[in-house]
Amino acid sequence: MESKNISDAELAAFPTLSVEEVVRTAQTDLKAGLSSEEAEKRQEVYGKNCLPEEPPTPLWQLILAQFEDVMVRLLLAAAVVSFALAVFEEDEEEKLTAYIEPLVILAILTVNATVGVVQELNADEALRALLKLSAPRCVVLRDGKEHNIDAADLVPGDVVIVTHGDQVPADVRVAEVISTTIRADQSNLTGECHSIIKHTDPVKKTDGQKEFYLNVLYSSTCLTYGKAKGVVMHTGLKTEFGAIFQGTKDTEEEKTPLQLKLDAFGEGLTKVISVVCAFVWIVNIGNFTSKGSWLKGCIFFAKQGVALAVAALPEGLPAVVTTCLALGTRRMAKKNALVRKLPSVETLGCTTVICSDKTGTLTTNKMVVRKICTLDAKGINTYTVKGTSFNPVEAGKWTGEPVVQKDLVSVNGNGVKFPLEDGALKDIALVSSICNEASLSYNKEEGQVERVNEAMEAALRVMVEKLGLDSVASNATLERESDPSKRYLACNNHWKALYRKYGVLEFTRERKSMGAYVDCNGKKELFVKGAPDCLIERCTHAKRGNDVVPLTPTLKASILEKYHELASGGESLRCLAMATKTVSATHKAELIPNDPAKFVEAESGLTFVGFVGILDPPRAEVKAAIKECDTAHVRVIVITGDNKDTAEGICREIGLFEPGESTMGKSFTGQEFDQMTEQQQLEVVKTAKLFARAVPDHKKVITERLQANGYICAMTGDGVND
């Protein structure tokens with residue numbers, strides 16, 4: 001295959017093309033990939049698939065940078081002049097004393113510069129060590145075979161294979177979904193708290209609003225479910241990750257408020273001292289001859305004026321400032337904050353606006369089940385489940401505290417001692433545990449339960465542990481278990497042992513559900529979970545307590561009303577419905593359809609058992625921190641890639657919006673912000689508290705508009721887009 005240079009415009013058009021058109025444009029082959037020779041030629045054209053590493057700043061540049069402040073330069077000039085005056089001092093007794101002043105100033109400036117240089121060298125070394133912790137590799141098709149290579153060697157047109165748990169090595173146009181579906185966690189890039197379903201279909205490109213396409217896997221994101229094959233679209237600086245990196249490089253470095261004040265003070269002091277020196281010299285013109293000659297008198301009184309100027313300079317000021325900043329740096333280091341430049345510490349003290357990401361910063365980035373809804377004789381019963389992490393107990397570090405159901409599950413504020421007494425709730429626990437591809441692990445050193453794979457499914461497993469088992473005696477035994485490594489999956493393992501899973505109907509984006517066939521002592525059932533509005537349409541009956549009743553239109557309407565209340569209300573929960581179906585005792589794995597188009601038929605005639613509401617909860621300390629900021633007259637603005645309803649729900653929970661407070665004029669989407677003129681944007685940022693559906697470019701523009709209004713901004717977040 002002859003080498004062909006693919007233009008940036010052609011590569012950018014990949015999301016809008018069909019898979020066949022993408023393969024033809026890239027001149028590649030989905031079965032064989034590129035040849036090694038072709039890959040080498042393309043690498044000469046497109047370069048390595050990595051971000052350019054900056055060479056370390058030369059030591060001499062770091063040293064010179066410490067003398068850029070006006071005050072420091074003024075002191076340096078004073079030291080030079082004082083040294084010159086000491087050299088020309090005629091009185092031998094005072095000559096030695098005259099050297100003390102410039103030497104003291106030089107010593108102070110040397111210490112000041114040393115502290116600054118050492119701080120920057122240490123910070124640079126730590127940052128470089130972090131960057132070298134991982135050298136990403138990937139599976140690529142070359143010469144018709146799979147090869148595991150350094151991600152840096154990828155080129156546009158390469159065919160790569162990614163599977164769940166893999167970090168995506170470049171911007172990749174999805175060409176084939178090898179499993180029934182794939183999901184990607186791109187929260188570190190977009191701020192969305194849940195994984196995104198990706199597909200192979202071409203999409204329409206919209207004008208104006210920047211978007212992340214559903215048929216593209218983006219560099220640095222992670223595949224959380226499934227397996228896919230794709231064509232490399234962008235590499236290096238051309239990726240979305242690279243664009244963010246480039247944006248940070250293009251940002252001009254501004255002086256901190258303290259640096260500006262010190263510069264202004266130094267300039268003012270220079271003018272005052274210059275005037276005083278000139279005045280001293282001028283008023284003594286008549287006394288020049290008293291020193292033996294007019295020339296000697298001129299030099300003598302010039303020396304007096306300069307000595308007066310040197311005496312007026314605050315030699316200790318830079319040292320005091322540097323010492324205070326260094327102490328601040330040490331305090332921040334104890335809180336695991338890496339400070340690259342000393343003045344950055346002072347900027348935090350002057351901050352008037354904090355722009356914060358939501359997912360992983362204000363929230364835990366650990367999905368948890370907050371609500372469970374089942375049917376009872378009175379209507380819909382809503383359980384509230386406590387928790388902000390994957391730990392089944394309310395403890396920052398779980399080292400063996402008992403998992404007590406009544407402390408974790410409640411109805412109307414009253415703890416439920418035996419949750420699975422509700423038959424529908426037991427079915428929800430079963431479906432959540434068995435119809436689940438995620439897992440959990442216990443980190444003994446951290447005292448934390450951690451997820452493996454999909455976050456929402458991990459949240460369901462944790463919920464199962466909080467609900468306990470279906471007998472009082474079993475729950476009492478669980479409460480006595482003090483070893484977290486045995487307790488964190490005890491309930492899930494119990495259900496797994498009872499219900500053997502012998503087949504799976506994998507999730508597809510068309511039907512928005514997943515099913516699992518199970519066998520419990522000869523009784524065979526199909527467990528299904530999925531989007532409530534889709535799944536309920538396939539249900540003919542509903543579980544009410546321990547009874548099964550027909551799903552009437554009235555009952556269906558009340559279920560959907562409750563679902564919409566939780567999904568679009570104050571909490572904006574992501575809801576999953578659960579259903580079951582009894583299948584023939586003679587049913588076996590060979591009868592399970594392989595064609596995803598037939599999955600809907602298999603999942604018909606279901607019995608609805610309830611649904612759960614899931615969210616990424618706020619960190620426990622955030623609400624108090626928001627109050628502290630308000631007391632200190634520091635505004636907090638949340639900028640997130642998540643949807644507006646979910647973001648507003650979290651903002652109400654952390655106290656950024658008061659209960660019942662209107663969000664009109666205070667909450668905007670990125671698209672709404674783009675449609676404003678620059679003047680309108682300048683006005684909006686004065687009152688805004690939330691920007692949702694924002695992309696990385698929005699964060700940069702919003703901070704620039706705030707700075708234009710005179711605000712001192714701090715940006716915080718856990719993703720590369722921050």
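User: In which helix does Asn475 lie, and is Asn475 buried or exposed?

Analyst: Helices are DSSP runs of H or I with at least four residues, numbered from the N terminus, and Asn475 lies in helix H17, residues 472-480. This is a predicted model, in which local features need pLDDT of at least 70 and side-chain atom pairs count only at pLDDT 80 or more, while totals for chains, interfaces and linings use all residues. Residues are numbered from 1 along each chain as its sequence is written, and side-chain values use heavy atoms, with hydrogens and water left out. Buried means under 20% relative accessible area, exposed over 50% and partly exposed in between, with a 1.4 Å probe and protein chains only; Asn475, at 5%, is therefore buried.

User: What does Asn475 touch, not counting residues up to four places away in sequence?

Analyst: Contact means heavy atoms within 4.5 Å, and Asn475 touches Gln405, Phe418, Gly468 and Leu469 when those sequence neighbours are not counted.

User: How do H16 and H19 pack, and at what angle?

Analyst: Axes are lines fitted to C-alpha atoms, for helices over the stretch in contact, and angles run from 0 to 180 degrees between N-to-C directions. H16 and helix H19 (residues 490-498) have axes 7 Å apart, at an angle of about 95 degrees. Angles under 35 degrees count as roughly parallel, over 145 as roughly antiparallel, 65 to 115 as roughly perpendicular and the rest as oblique, so H16 and H19 are roughly perpendicular to each other.

User: Which residues of H16 and H19 meet?

Analyst: Arg461, Val464 and Glu465 in H16 meet Ala490, Cys491, Asn492 and Trp495 in H19.

Note on methods: Helix = DSSP H or I, 4+ residues; strand = E, 2+ residues; numbered from the N terminus.
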